[in-house]
Amino acid sequence: MNEQDLRQLLTVSVEDIRPSQPAAAGWERARRTRRTRRAVGAVALAVVLVGGGTVAALRPSAGPPPGHPVAPTVEPTHAGPVQHPPAELTFPPDPLARLSNPPIVRLSERPVQRALALFQPVDEEYRADGPVRVLGDDGVVRSLDVVTLAPTRDRDGNEAPALKPGVLSPDGRWAAFAQTNELIMVDLTRAGVGRIPLDGYLELVVWANDRVLVGGDDRTYAVERDTEAASTIDVSAWEVVTPDPDAGREAALIETSGQRDGLMVRSRTAREGTLRSEQRVTGELLPAPYQVNEFYGRGWLHGERLAQAAWITNDEIDGAEGVAVLDARTGAVAHVLDLGRDRAKGCCPVLGWDNKGAVLLRLEPAALARWHPETGEITGVVDNLTGVLALAG
Amino acid sequence: MAPTANDGRDGYLAFVESHQHRLLRAAYLICGNRHQAEDLLQEALLKLALRWASVRDGDPAAYVRAILYRDAVSWWRRRRREWLSAAPPDRVTVDRDGALRLTLHDALGQLPPRQRAVLVLRYYEDLTEVATAEALGVTVGTVKSQCHTALRRLREVAPDLAPGKRPGRALSGDLATGVEVNP
């Protein structure tokens with residue numbers, strides 16, 4: 001095969017691929033996006049002016065603050081299994097809104113008692129753009145200055161910011177960062193750093209009780225937080241679901257994998273990762289033609305309920321964006337949040353659950369939203385936050 | 001490109017009309033699925049529209065190409081790994097070119113996303129190694145090594161694409177005598 005040959009092969013192989021959207025589609029979407037941003041900005045400003053700022057909203061429980069009646073965009077309805085987001089989210093005051101502010105102090109100067117979230121701004125090319133922000137439960141945003149993080153990478157050289165959903169421990173006291181050939185553990189309460197040498201292109205971190213599961217394409221380690229003892233474990237760092245923080249050390253590890261008819265939920269033993277059971281993910285509770293095609297991003301457990309972003313089939317298209325909540329024991333999908341197709345691919349990863357049974361998820365253009373699957377209530381949490389976000393449990 | 005009275009809309013539309021076919025085809029070559037390619041293109045064109053005022057006087061083609069390719073690579077990387085080898089191909093009509101397309105489609109599907117992107121930029125978009133590196137945000141050395149590896153892998157997984165073994169129509173003259181690709 002020579003160069004000219006390859007050029008011709010590539011050209012011929014796509015000669016019947018033609019755009020289905022008019023040239024004006026992008027321009028019109030941009031116009032709507034600008035309008036939404038302006039409207040949301042106006043609402044946020046109005047909330048600040050009426051409420052006198054967000055300081056009063058800082059509560060560890062993240063519940064609605066007194067004097068700030070929360071007006072959900074979607075009224076609770078005990079909605080059916082398929083739900084839709086509102087056209088425009090409202091953003092009641094929330095402690096996490098502080099993440100929009102730049103850091104005012106270094107972590108080394110003022111460690112946290114508990115972090116609510118970590119945030120890494122990224123540029124348009126999805127590269128780290130500024131220091132990692134650490135939001136404490138005192139409402140103060142710190143810069144993570146005790147360690148310099150390199151991008152994670154795989155064998156092929158593909159890179160990503162080291163901060164990813166799941167790096168913050170459920171109690172908000174630790175952050176664990178995968179790096180090539182090491183795991184970095186940051187004690188956020190002391191601003192202390194521990195480095196644990198481990199072989200391989202490590203990219204992903206999951207907190208499982210007081211252990212950290214860290215791995216990449218070809219291996220996963222389980223590292224004890226307190227002793228730093230490490231051993232390999234037979235789970236996939238890409239597929240393992242973040243356990244419920246209230247589950248014990250011996251709670252099973254759950255994985256999701258596959259696609260369409262091969263979409264599975266697996267249960268593995270906590271210690272060795274030995275396969276215990278395997279269930280097909282089923283959409284029998286969903287109205288036709290809804291189904292979950294494939295999961296993406298990290299899955300999160302809350303009791304036996306598992307929430308994870310997915311590509312779904314809805315009544316318009318095979319390949320819409322969505323979020324599914326399913327029973328991790330049976331694989332039965334109980335709720336789907338249909339996010340349509342008019343969003344970026346892989347737009348809306350799940351970032352966890354709150355303590356009231358709501359799913360926290362990313363929504364474009366740069367929002368964090370809270371979805372109550374049982375009621376259909378959807379509210380905005382933070383807007384205009386372009387970057388990577390990790391939440392405490 | 002001169003600004004117009006309608007806030008740049010006409011210039012944007014003219015740009016999209018003239019570039020979207022090639023961009024969509026490039027996206028398809030990288031991700032192997034028409035719906036996903038369309039989504040990637042629309043996302044890149046949205047970003048372009050949002051920044052049209054600042055990029056229209058520069059090189060909007062390079063800007064949107066960089067977004068498209070980097071989104072394609074990073075989005076693909078977020079997907080499950082088995083997609084690299086087990087993704088069901090789009091249904092392709094098996095006409096006289098059908099077998100060729102399926103073979104190439106399957107072969108590209110066995111390459112990591114960045115290698116696919118390098119091949120498409122170099123041999124479909126006809127960019128230089130320097131321009132390919134700029135589009136992907138990597139070094140020229142990375143482009144060279146990824147290209148070399150990708151071509152070797154392509155020859156391994158798709159020997160049927162070699163001259164003389166290729167299904168469907170002949171593409172050029174005596175390709176068997178052509179010089180092997182120089183990484």
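In this predicted model, in which local features need pLDDT of at least 70, side-chain atom pairs count only at pLDDT 80 or more, and totals for chains, interfaces and linings use all residues, the axes of helix H8 (residues 129-136) of chain B and helix H9 (residues 140-157) of chain B come within 8 Å and cross at roughly 105°. Because angles of 65 to 115 degrees count as roughly perpendicular, H8(B) is roughly perpendicular to H9(B). Axes are lines fitted to C-alpha atoms, for helices over the stretch in contact, with angles running from 0 to 180 degrees between N-to-C directions, while helices (H or I, at least four residues) and strands (E, at least two) are DSSP runs numbered from the N terminus. Residues are numbered from 1 along each chain as its sequence is written, and chains are lettered from A and ligands numbered from 1 in the order in which they are written.

In chain A, strand E3 (residues 115-121) is mostly covered, since 6 of its 7 residues are buried, a residue being buried if 20 or more other C-beta atoms, placed from the backbone, lie within 10 Å of its own. Two strands pair if DSSP finds at least two bridges between them. E3(A) pairs in the antiparallel sense with strand E4 (residues 133-136) of chain A over 4 bridges, where Ala117(A) has Leu135(A) as its bridge partner. E3(A) also pairs in the antiparallel sense with strand E26 (residues 387-391) of chain A, over 5 bridges, and here Pro121(A) stands opposite Gly387(A).

Terms used: Parallel < 35°, antiparallel > 145°, perpendicular 65-115°, else oblique. Buried ≥ 20, exposed ≤ 12 C-beta atoms within 10 Å, placed from the backbone.
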